[in-house]
Amino acid sequence: MSNIRSYIENHLKDNGYKLQQFSEIVDINVGTLSAIIKGTRLISMNQLDQIASAMGLEQGYFYDMYGVECFIESAPHWRRLEPFIYRCAELDKLDIIQQVITHVTDDHSYIDELFEVAEDLYNKGMKQAALILYECVSECEKYQHSERLAMCQYRIFLISINLKKFDNLNAAIRLEIYVEKLNEEVQLDAIKELANVYSTMHLWEKVYSLAEELERKSDALLSFKSRGKAKRITVYPLITYKAYAILLKAGVFKERKEYAMALKYTDIYERIVDIPDPSEEERIMIAKFKRWAQGNRITINLMSGNQEFIHEYLNYLKAYSEETLTAFINILEVANEQSLKIEFDLEKYENKIKRFYLDEGCNSRVITHRYMLFNYELAKYKCNRQDYQNGIDIILYNLSLSTLNQDDHMKVKCIDLYGTYRQQTSLSQQETYLQLFKTINIK
């Protein structure tokens with residue numbers, strides 16, 4: 001650790017410290033400190049942090065040098081490498097983790113340990129640090145066809161999905177070949193997540209196929225579990241997956257405008273969750289499915305042309321205000337398709353939804369996606385009602401949001417909608433559009 005030692009020696013010299021004085025400042029035994037400076041004793045992570053703090057340096061100042069000297073120029077030891085990874089993850093020094101781990105895995109050392117740390121970091125929310133480890137482990141095991149390789153790919157998928165639909169499609173395709181290698185229970189979560197991604201891309205045939213697979217696998221596990229198998233490892237209670245598979249099918253039928261079938265499957269998934277003696281966790285999920293069923297029935301009837309269901313939707317939102325964003329995407333979509341005039345205070349709900357997005361959307365890919373759908377339908381509605389100034393302002397706002405979130409599909413929709421009403425734009429709106437358009441890069 002010649003570089004770190006020279007930093008310490010120079011600091012002592014520049015500040016006129018005796019070793020005993022600096023030992024008291026840094027709170028490290030003088031003998032230990034002397035051995036560190038002489039190079040006869042390796043420095044620990046805690047000592048490294050103490051020394052950096054005593055020298056008035058930021059946390060992690062020496063980590064780059066420490067990583068090179070301790071793990072790249074010298075043979076790595078796990079008892080030092082593990083705390084180093086955790087501290088770098090805590091301080092978001094991802095480039096240092098990448099540099100060290102790439103070197104460490106050259107000879108496939110510590111693959112078992114790195115996977116366990118990756119899982120721990122993932123569960124603690126340090127997902128970008130975990131991603132580096134998953135990718136390294138995956139690279140080392142790419143020819144093994146193991147369950148651990150499949151788990152790495154599943155975690156990489158979960159960490160990587162975002163609002164960029166092109167990237168999500170690639171991530172989904174990569175994951176699909178590994179699903180069968182996952183633990184049979186984890187497969188349920190993986191299939192559910194894949195179906196959700198394909199739903200955002202409106203690939204309904206694919207969603208339906210995955211729903212059938214999810215239903216088949218959940219049926220098999222429900223039967224097996226009823227014979228007394230060990231505690232489950234799925235994210236949700238098992239009955240959730242069968243009900244969700246049916247919910248996905250109902251959604252596909254709704255998108256196909258096969259409303260009778262959509263209502264039929266809505267009845268089925270609501271009935272499925274009526275299980276005897278549910279646990280507290282199951283009761284929470286049952287309540288969600290029943291709430292979704294009620295809202296989806298209103299949506300389906302509304303889309304079928306029953307306009308009176310708009311008022312039923314508003315009454316539904318009095319009980320379930322958390323469904324407001326989804327409800328208004330549906331209400332506005334129907335109003336646009338059927339040239340309806342909304343006969344209530346729409347602005348009140350606009351403001352409520354915007355506040356909800358500002359409070360929650362920054363931390364949720366799903367909420368951000370739905371908020372942009374809402375804005376798109378709202379802009380279309382206002383322009384259809386010849387409220388061009390406000391409608392075009394919303395188009396531009398949504399184009400800015402979709403550019404910020406790299407949602408290529410929504411960018412194209414906004415550009416197309418702007419083009420439809422280009423003749424109604426003001427000079428300032430045209431200028432805003434030109435400035436936005438310069439920043440757009442669509443795959």
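A crossing is left-handed if the near helix is turned anticlockwise from the far one by less than a right angle, and right-handed if clockwise. I looked up one such crossing: α18 passes α19 in a left-handed crossing. Helices here are DSSP runs (H or I, at least four residues), numbered from the N terminus.

I noted the ground rules next. The model is predicted, local features need pLDDT of at least 70, side-chain atom pairs count only at pLDDT 80 or more, and totals for chains, interfaces and linings use all residues. Residues are numbered from 1 along each chain as its sequence is written, and side-chain values use heavy atoms, with hydrogens and water left out.

**Entry: α18 and α19**

I checked the geometry of helix α18 (residues 324–337) against helix α19 (residues 346–360): their axes come within 10 Å and cross at roughly 135 degrees. That makes α18 oblique to α19. I then listed the contact (heavy atoms within 4.5 Å): α18 gives Thr324, Leu325, Phe328 and Leu332, while α19 gives Leu346, Tyr349, Lys352, Ile353 and Phe356. By class, I have seven nonpolar, one polar and one charged residues in it.

The axes are lines fitted to C-alpha atoms, for helices over the stretch in contact, with angles from 0 to 180 degrees between N-to-C directions. Angles under 35 degrees count as roughly parallel, over 145 as roughly antiparallel, 65 to 115 as roughly perpendicular and the rest as oblique.

**Entry: Phe328**

Not counting residues up to four places away in sequence, Phe328 touches Leu314, Leu317, Phe344, Leu346, Tyr349, Ile353 and Phe374.

**Entry: buried charges**

I looked up Lys249, which sits in helix α14. Lys249 is buried (under 20% relative accessible area; exposed is over 50%, partly exposed in between, 1.4 Å probe, protein chains only), at 5%. Leaving aside neighbours within four places in sequence, Lys249 is in contact with Tyr208, Ala211, Glu212, Glu215 and Tyr265.

Arg291, in helix α16 (residues 280–303), is also buried, at 15%. Not counting residues up to four places away in sequence, Arg291 touches Tyr316, Tyr320, Glu322 and Glu323. I also took the C-alpha separation of Arg291 and Tyr316, which is 9.2 Å.

**Entry: positive phi**

Most residues other than glycine have a negative phi. I found His202 with a positive phi near 60 degrees; His202 is in the loop between α12 (184–200) and α13 (204–225) and is partly exposed at 42%. Asp277 has a positive phi near 45 degrees, lies in the loop between α15 (259–272) and α16, and is exposed at 76%.

Notes: Helices (H or I, at least four residues) and strands (E, at least two) are DSSP runs, numbered from the N terminus. Ala, Val, Leu, Ile, Met, Phe, Trp, Tyr, Cys and Pro count as nonpolar, Asp, Glu, Lys and Arg as charged, and the others, Gly among them, as polar.
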